[in-house]
Amino acid sequence: QVQLVESGGGLVQAGGSLRLSCAASGRTFSTYAMGWFRQAPGKEREFVAAINTRLITYYADSVKGRFTISRDNAKNAVYLQMNSLKPDDTAVYYCAAGGDLSSRPSRYDSWGQGTQVTVSS
C-alpha cells in the first residue's frame, strides 16, 4: 500500500479557485490509479475525479469543466485544480490510490486523512 497526505484545502469565496495536492510515499506510486473523493457533513463519500497510469482522466458530472486532475510521478504527487468553486463543493476532500480508473470507493486501497474545503457564498 501507499501512504497519502493531502494538503491545500481552505476557505474560499464562491467563484474562486483552490489547488489540492496529495503526496504519496513509496516507490510504486506510478503503478496506481489515483482518485479524489469528497464527503460533506451528513452525506456519503462521493467521487470527484480519477486519473490512471496512462493519464486517462474521469470526472463526476458535477465537476466536469471546473476541476482538473493531474499527476506527477517524479514527485509522487497527484493534484486537483478546482476552479469556479460553488458552496456545494464544500466538503472534506480525500485522495485515494487504487488499481484502476473507477468512481467506486471500494476500488481504492489506500486513503489519505482528508483536507477541508469550504466555499462561502
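Here are some questions and answers about the predicted model above.

Me: Which ground rules apply to the numbering and the values?
Reply: Residues count from 1 along each chain as its sequence is written, and side-chain values use heavy atoms, with hydrogens and water left out. As this is a predicted model, local features need pLDDT of at least 70 and side-chain atom pairs count only at pLDDT 80 or more, while totals for chains, interfaces and linings use all residues.

Me: How many residues of strand E8 are buried?
Reply: Strands here are DSSP runs (E, at least two residues), numbered from the N terminus. Buried means under 20% relative accessible area with a 1.4 Å probe, protein chains only. E8 covers residues 77–82 and is mostly covered, with the buried count at five of six.

Me: Which residue in E8 is the bridge partner of Thr68?
Reply: Strands pair if DSSP finds at least two bridges between them. E8 runs antiparallel to E3 (residues 18–24) over six bridges, and Cys22 stands opposite Val78 there. E7 (residues 67–72) also runs antiparallel to E8, joined by six bridges. In that pairing, the partner of Thr68 is Gln81.

Me: Which residues have the most contacts inside the largest nonpolar core?
Reply: A nonpolar core is a set of buried Ala, Val, Leu, Ile, Met, Phe, Trp, Tyr and Cys residues joined through side-chain atoms within 4.5 Å. The largest one has 35 residues, and those with the most contacts inside it are Trp36, Leu80, Met82 and Tyr93.

Me: How much space lies in the largest pocket?
Reply: On a 1 Å grid over the protein atoms alone, a pocket is an open set of points where a 1.4 Å probe fits, with protein on both sides within 12 Å along at least five of seven lines; lining residues have an atom within 4 Å of a point. Its lining includes Arg38, Gln39, Lys43 and Asp88. Grid points are joined across faces, edges and corners, and the volume is the space filled by probe spheres set on the points. For the largest pocket, that space is about 180 Å³.

Notes. Buried < 20%, exposed > 50% of the residue type's maximum accessible area, 1.4 Å probe, protein only. Helix = DSSP H or I, 4+ residues; strand = E, 2+ residues; numbered from the N terminus.
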